[in-house]
Protein chains: 4
Amino acid sequence: MSDVKKVVLAYSGGLDTSVILKWLQDQYRCEVVTFTADLGQGEELEPARQKALQFGIKPGNIYIDDVREEFVRDFVFPMFRANTIYEGEYLLGTSIARPLIAKRLIEIARETGADAISHGATGKGNDQVRFELGAYALMPEVKVIAPWREWDLLSREKLLAYAEANGIPVEMKHKNGGAPYSMDANLLHISFEGRHLEDPKAEAEESMWRWTVSPEAAPDAAEYIDLEFEKGDVVGINGVRLKAHEVLAKLNELGGKHGIGRLDLVENRYVGMKSRGCYETPGGTILLKAHRGIESITLDREVAHLKDSLMPRYAELIYNGYWWSPERRALQVLIDHTQGYVNGWVRLKLYKGGVSVVARDSKDTLFDQTIATFDDDGGAYNQADAGGFIKLNALRLRIAGKKGR
Amino acid sequence: MSDVKKVVLAYSGGLDTSVILKWLQDQYRCEVVTFTADLGQGEELEPARQKALQFGIKPGNIYIDDVREEFVRDFVFPMFRANTIYEGEYLLGTSIARPLIAKRLIEIARETGADAISHGATGKGNDQVRFELGAYALMPEVKVIAPWREWDLLSREKLLAYAEANGIPVEMKHKNGGAPYSMDANLLHISFEGRHLEDPKAEAEESMWRWTVSPEAAPDAAEYIDLEFEKGDVVGINGVRLKAHEVLAKLNELGGKHGIGRLDLVENRYVGMKSRGCYETPGGTILLKAHRGIESITLDREVAHLKDSLMPRYAELIYNGYWWSPERRALQVLIDHTQGYVNGWVRLKLYKGGVSVVARDSKDTLFDQTIATFDDDGGAYNQADAGGFIKLNALRLRIAGKKGR
Amino acid sequence: MSDVKKVVLAYSGGLDTSVILKWLQDQYRCEVVTFTADLGQGEELEPARQKALQFGIKPGNIYIDDVREEFVRDFVFPMFRANTIYEGEYLLGTSIARPLIAKRLIEIARETGADAISHGATGKGNDQVRFELGAYALMPEVKVIAPWREWDLLSREKLLAYAEANGIPVEMKHKNGGAPYSMDANLLHISFEGRHLEDPKAEAEESMWRWTVSPEAAPDAAEYIDLEFEKGDVVGINGVRLKAHEVLAKLNELGGKHGIGRLDLVENRYVGMKSRGCYETPGGTILLKAHRGIESITLDREVAHLKDSLMPRYAELIYNGYWWSPERRALQVLIDHTQGYVNGWVRLKLYKGGVSVVARDSKDTLFDQTIATFDDDGGAYNQADAGGFIKLNALRLRIAGKKGR
Amino acid sequence: MSDVKKVVLAYSGGLDTSVILKWLQDQYRCEVVTFTADLGQGEELEPARQKALQFGIKPGNIYIDDVREEFVRDFVFPMFRANTIYEGEYLLGTSIARPLIAKRLIEIARETGADAISHGATGKGNDQVRFELGAYALMPEVKVIAPWREWDLLSREKLLAYAEANGIPVEMKHKNGGAPYSMDANLLHISFEGRHLEDPKAEAEESMWRWTVSPEAAPDAAEYIDLEFEKGDVVGINGVRLKAHEVLAKLNELGGKHGIGRLDLVENRYVGMKSRGCYETPGGTILLKAHRGIESITLDREVAHLKDSLMPRYAELIYNGYWWSPERRALQVLIDHTQGYVNGWVRLKLYKGGVSVVARDSKDTLFDQTIATFDDDGGAYNQADAGGFIKLNALRLRIAGKKGR
């Protein structure tokens, strides 16, 4: 055990981080500061304050912050400007929240004079990496306490026993023999891991999903919505101007109603193993489609292709926890630069789990009907040019062909 | 007019290529060989023979080939091994058929001693490039006649006038004032361009779609299907072993029934303009999802990421017409190499326009439940390792942080 | 011949562009504005004015500009920030000057109300593309006259005959039977093409080289120089602060003296053919080495690798003439962003054609001797961390290995 | 201490690995198998056998192998096919030898029934990673003993004390107060780290270099050599056909004589720190230049550019120790595929530290003089084609320009 004076704990108020809180007090005999964030996960946060007080945390050491606007404005939206998807499917809902939490943990550490941070992520997952890389980048000398990598409470039984022995209330859901899903939620998504999902050939139970109705239960009539974009970000829905976090909340509501954004996949974790996860990302799924739609008319072809070629690496950086790295920042500078003309609106159809772009327009459109038309274009485009274009592009192929290749 | 003795024409039997056939005979005064391919577009091909005969084409100069198996086996499937998508959306249904047609045109040119090929693609589109790059690569000395870049029949009116003046039958659909959609179909997709689609802010008409029912009209009950993969290709559906083209035909039937695979987008053409297109790719949409699903458990993480990083360039090559280029072949060698272990099955749910993976398994799975489990893993994974992993990955960030960056 | 009122000609004063000047007057019967740039090519420019006057060009239509500082500051230095090399060898000396000339041609066209530009680049080379892409990007409606693609003076004999018939003075070097090398010079380099260089298996003649002594003839003693960097650019040499173009002039002098920067290669032109070229880039060769040296201690590893991964594409864009494209600008934003900490000095040894970095230092260094040392580091680095680092990086390899892969 | 029965040690016979041998016997009380490789490092290996016998190693447990041919043929040459350079400078001489040693360690472990391997690399460097990733990939269950990460002999003084206490002979070079350079040598290079090189602003001492004369001391006359390539590998020098390792030995001799291949740089280690290293790679430096030279006339442009774009990642994989990973193998398949036509000869000039290509030819050349010529080409290339080529490539730029971008 290293020598720690004061530690800031990412504290949800749930069972695991409550056990950690107590364990930190016992093992490290240090002052604990709790940080509980409202990321839009849809849970009451005041109970976390009460629990913290019960553990003897000083009121001034309890931080409960509403960071929803910062989350969407400074993390989610910048990420969507790149049309970011990890491994062709995953919208990075958990990954993108971790750097914000790391940032707040360090800010609070500096405010309170703490020398350490702690979190409840296990030693098998990506989140420990995301928290800690962020913390080290922002405060190189910080100490990190990762209880799951240190203690011996490695099974659910031992954890429950420790909780009961220390008077930590355990909700019913933890007691019914089987462990609950490992879940994470914020304004962008809710995720599910563990339990029978550990078998990739077993279909997820309908009862697992929380935020979306099943497509079968969604309305029988499609709904159309219009999204307004400015510099690559949505600023209004159906003509109503909204703040960033309001945009995402509204899209979640719409998507959830229409059964949009469920995902079931096996992903590759940064720590080297494959893992089955299920995700509900209703608003994000709509947002991605819409953003591609508005870019399709406002971005130059080669800029769009450059972005597409960089995206997998950018997604990997976020997934692996490198939000606060200089390489992610460098890529962001490029991505943000490309969004200057990504303005306009996109119309989407929402229906039974599906979202599709049906129309789009922009004052900054690069779609030029006079050139694209099948009708007479009055000379806007000289078809004969294509002959030379093809001839020169073919030249190296022809030279090789003549050599019998 | 260059000096041409014999020309092989990609001949559909439709109005445009019939006009071209006649025009070639008149302008070039050369022998014409017609090539009509059954790519699974779902049209009778014998009428093309009759028409060709009426133009005086010698029976031995009329080629009508069923290339469906070759198309899917040697072009569609290799492309799907890379999870290929152009600009985040387009499944390249037209692009992937062109190199096969180019190959057959050249094969027939060699068989018949022709010195030129001709096609009906306009000077504004991508298809001229795809046909001609392929032809030049495979027969460097070939002459190419692209009537749309040469003649003066640039409006639909002039074309119809020429047809009537030369006794070429014109179907009713061409006569009703408005031009029809510009369409292209093969086993992978059917595409629509032109008419009111030229306005990107206008929604496509429901009556336009041909291969898929609308999601609203699809069955109210979901359907589950199992796809069997070998080396990255689907070889069976629901336990029935099928040839490549049968696989795609069956998936089209299933997808079409469930309203799957409609797409409405604005894409960037190689010739430099943006263009609105609508596509129906029912089977391909299912195939892409399923292939990602089987790869998710059988591919190594870094191999998967390498493929993802190369995919945009590979897609661009196919879109731009470089199938027969050495760089596409080099990428294919890598892609094919990665598919050796992509074996197993994927279960998909089809419902109202949506397709989702719900289960997958493989004898070659790299998913290791003993390591991934949230339960006690008996030491298969040492959580303490993660501490060192993070510490060293953070080292450069901490050194930079200490310098105040 | 399209209808042109006034054309701005990139005019060197040499034989070719003098013939073009006359030809434009005769063929297009339009007003000609001449633009002659001092890019540091080391030739007198006033003779160009005299010649232009002899052709009847109005004094107000003769532009002779010293653009050396702009050239190095806004084009050469930004390019070197990316350690740009084309095809592993070529430092892009010609490529990087063309966009500046294109920019000035268009600026002058706007000032003088011209509707066209013209240049002396042939239809086989890259320069036509660079001039014209730049011009079209900066003035989309501009007309371009490329005489070499239009006229029939395609052999040197015809050109000389035209010159003599029109009273255009022909220097002796053009007359001695053999054509001279095709050369291009500016502050960054001088290039040679043509003549017996057209045979790639023939060594270049010693007499061809102009700016550098042969390594054999260089001083027998090495010379050491110190370069001072700020934000990735050299701002001083041996303690003397210099302007951008003075930096390059001084490095050319030093490099030339020591026989540095000769290059003999076969490159791939954008128009599809391979071409033999010889280059002398004395200052640029030193600059590249030095820039890599200063980056080696000031750039983060992953930022450096990101730059390296983007460089080939960036180099291709410049080589192919896309300086004024949005994708080059987007990449530049990223590149420039990375240079904020690229400050410090580099010591180089120059000797007999070689340049090597022997020392470097920076207040912004990320080299941390306390960590890197082979001696006891007092706990700055915990070697045990490496075990976990390796274990987790190996995990996927081990899982695959257990499956017999 | 984990339970180890038999360990294969990578044994050089030097001080460090001799201490390790003894320490393994003492600490693990297990049977030790020694493996000593002749990689062309130029040292007698029989003394290693004598030392091993003195430690009581059974004769059958002493492996001394000449792996020079395998090293160059299966590791060095494949790497050079990609023109591989790490961070713009480093030719990966150490990196490329480690996977071969890892492979042999595991082969010997299987032969002798050993359950562990051990090596003398420190916990700060890259070599531990390279050894261990290779070992884990090839034998997932193997145990790895890395003494430098386990023991307390972390300073040179402690190591020397342990050696003397255990009767391990210490050469004079280790005793003179200062530690020697940390060196590694094989047929590709010799490297130097540590001592006063730990200060990047100090120039390396002339006395440090071993394999090359200084450029100043090199012959005053240049030497020309011809290299013959087959499928990307050198198979002959000056008309004499040679085995792979003979090629490299001969090039080392030539390069060393002419002072070629010295390098002084700061590199980024995989474990997160920057490190100063000096390298002599005489033969490799010649080889890289020559390979680029032969590729310049035999590779298609886009294939060459594809290779260039992949090279930084390929180099990173080798540097970081992922030779035996599936992603390196996938890239190798692509790289090897591209070398089928890389045949022919290259003439190089060696002089005073410099190597330059002066001529090259190949039966598979894609250089087409009839097209490239500045003289009349008899219609091989139609210059007018370039107009259309430029026009279409400019189209998107012009459309954007018209929108004021």
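1. Over all chains, the count comes to 155 salt bridges, a salt bridge being a side-chain nitrogen of Lys or Arg within 4 Å of a carboxyl oxygen of Asp or Glu. The model is predicted, so local features need pLDDT of at least 70 and side-chain atom pairs count only at pLDDT 80 or more, whereas totals for chains, interfaces and linings use all residues. Residues are numbered from 1 along each chain as its sequence is written, chains are lettered from A and ligands numbered from 1 in the order in which they are written, and side-chain values use heavy atoms, with hydrogens and water left out.

2. In chain A, Arg104(A) and Asp65(A) form a salt bridge with an N to O distance of 2.4 Å. Arg104(A) belongs to helix α4 (residues 98-112) and Asp65(A) to strand β3 (residues 62-66), 39 residues apart; helices (H or I, at least four residues) and strands (E, at least two) are DSSP runs, numbered from the N terminus. Arg104(A) is buried at 12% relative accessible area, and Asp65(A) is buried at 16%. Buried means under 20% relative accessible area, exposed over 50% and partly exposed in between (1.4 Å probe, protein chains only).

3. A network of salt bridges links Asp65(A), Glu70(A), Lys103(A), Arg104(A) and Glu107(A).

4. In chain C, a salt bridge joins Arg98(C) to Asp127(C) at 3.0 Å, N to O. The pair ties helix α4 (residues 98-112) to helix α5 (residues 127-138). Arg98(C) is buried at 10% relative accessibility, as is Asp127(C) at 17%.
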